[in-house]
Amino acid sequence: MGRSAEKPHEGEAPRDFSELDIRFRKMESSDLDEVLSIERASFSHPWSARFFLEELRVPCARSLLAIAGDKIVGYIIYWLLSDSLDVHNLAVHPECRRRGIGRSLLMAVIEDAKCGALKRITLEVRKSNEAAQKLYRSLGFATRGVRRGYYSDNGEDALIMVLDVEPS
Ligand SMILES: CC(C)(COP(=O)(O)OP(=O)(O)OC[C@H]1O[C@@H](n2cnc3c(N)ncnc32)[C@H](O)[C@@H]1OP(=O)(O)O)[C@@H](O)C(=O)NCCC(=O)NCCS
């Protein structure tokens, strides 16, 4: 995920994930306004509408939305490559964080990687984004490298995190 750090958010969200009754489905272009509002609340350098549309047109790109009631509360975008899966974007609505939504999106992606017999899942994360790193580590991702000065806005390093996928 090539561009930004988590913005701080106010307030304490309830932690009971089950009460949210989350559903998952693929992202459509009509979802873009809602997705963009989460994107802009989540990143200092958010993707534009055009960037989302271009990304979703890539043949190997996949998306998953988390939906509570009729509201989009999170999303993940990734590429299915020949033997690996690359996560390109992940965000959860600031008011819905710490309820397991980010973890559930990643777990769905891990299942997708297993179904496709892929060997690993890779992603990049800002060195300063400790919340995301903690989430990734809790699912078994490990830091395998550093891209020095990867983020053009402030020259911050990216950590390359990798999960070796065990066949199910
Ligand atoms: C990172 C992000 C997707 C996590 O989503 P989330 O739904 O809040 O995460 P979860 O509730 O599934 O958290 C799972 C675990 O991750 C860790 N974690 C998540 N957010 C954390 C935080 N702010 N501080 C510390 N640990 C955190 C915890 O271990 C947590 O488990 P716990 O709540 O039982 O302690 C969300 O904070 C976000 O959208 N951030 C802004 C965008 C971003 O940084 N995306 C990733 C770019 S690489």
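This is a predicted model: local features need pLDDT of at least 70, side-chain atom pairs count only at pLDDT 80 or more; totals for chains, interfaces and linings use all residues.
Visitor: Hello! What pattern does the protein chain follow when read along the sequence?
Guide: Welcome! The secondary structure of the protein chain comes to 4 helices and 7 strands. Taken in sequence order, these elements give the pattern β-α-α-β-β-β-α-β-α-β-β.

Visitor: How much of the protein chain do buried residues make up?
Guide: The protein chain has 168 residues. A residue counts as buried when 20 or more other C-beta atoms lie within 10 Å of its own. By that count, the buried share is 30%.

Visitor: Is Leu64 buried or exposed?
Guide: You will find Leu64 in strand S2, which covers residues 61-68. Beyond its neighbours within four places in sequence, Leu64 is in contact with Phe24, Lys26, Tyr75, Ile76, Leu105 and Ala108. Because it has 20 C-beta neighbours inside 10 Å, Leu64 counts as buried.

Visitor: How far apart in space are Leu64 and Ile76?
Guide: Leu64 and Ile76 are in contact. In sequence, 12 residues separate the pair. From C-alpha to C-alpha, the distance between Leu64 and Ile76 is 5.4 Å.

Visitor: Where do the buried residues of H1 fall, seen down the axis of the helix?
Guide: Helix H1 spans residues 32-42, and its buried residues are Val35, Ile38, Glu39 and Ser42. Seen down the axis of H1, they fall within an arc of 100 degrees, so they line one face of the helix.

Visitor: And what do the buried residues of H1 pack against?
Guide: The buried residues in question include Val35 and Ile38. Their packing partners are helix H2 (49-57), S3 and S4.

Visitor: What do the buried residues of H3 pack against?
Guide: H3 has 15 residues and reaches 21 Å from its first C-alpha to its last, close to the 21 Å expected. Its buried residues are Ile101, Gly102, Leu105, Leu106, Val109 and Ile110. They pack against strand S1 (22-25), S2, strand S3 (71-80), S4, strand S5 (120-126) and H4.

Visitor: Which element gives the largest share of the shell around the ligand?
Guide: The ligand is surrounded by 20 residues, and the closest are Arg97, Gly102, Arg103, Ala131 and Leu135. Strand S4 (84-92), helix H3 (101-115) and helix H4 (130-138) each supply at least two residues of this shell. With 5 residues, the largest share comes from H4.

Visitor: How many residues of that shell are charged?
Guide: Let's sort the shell by residue type. It holds 9 nonpolar and 5 polar residues. The charged residues of the shell number 6.

Conventions. Residues are numbered from 1 along each chain as its sequence is written. A residue is buried if 20 or more other C-beta atoms lie within 10 Å of its own, exposed if 12 or fewer, and partly exposed in between; C-beta atoms are placed from the backbone. Two residues are in contact if their C-beta atoms, placed from the backbone, lie within 7 Å. A residue is near a molecule or strand if its C-beta atom, placed from the backbone, lies within 6 Å of it. Ala, Val, Leu, Ile, Met, Phe, Trp, Tyr, Cys and Pro count as nonpolar, Asp, Glu, Lys and Arg as charged, and the others, Gly among them, as polar. The expected span of a helix is 1.5 Å times one less than its number of residues. The arc is that of the directions from the helix axis to the C-beta atoms.
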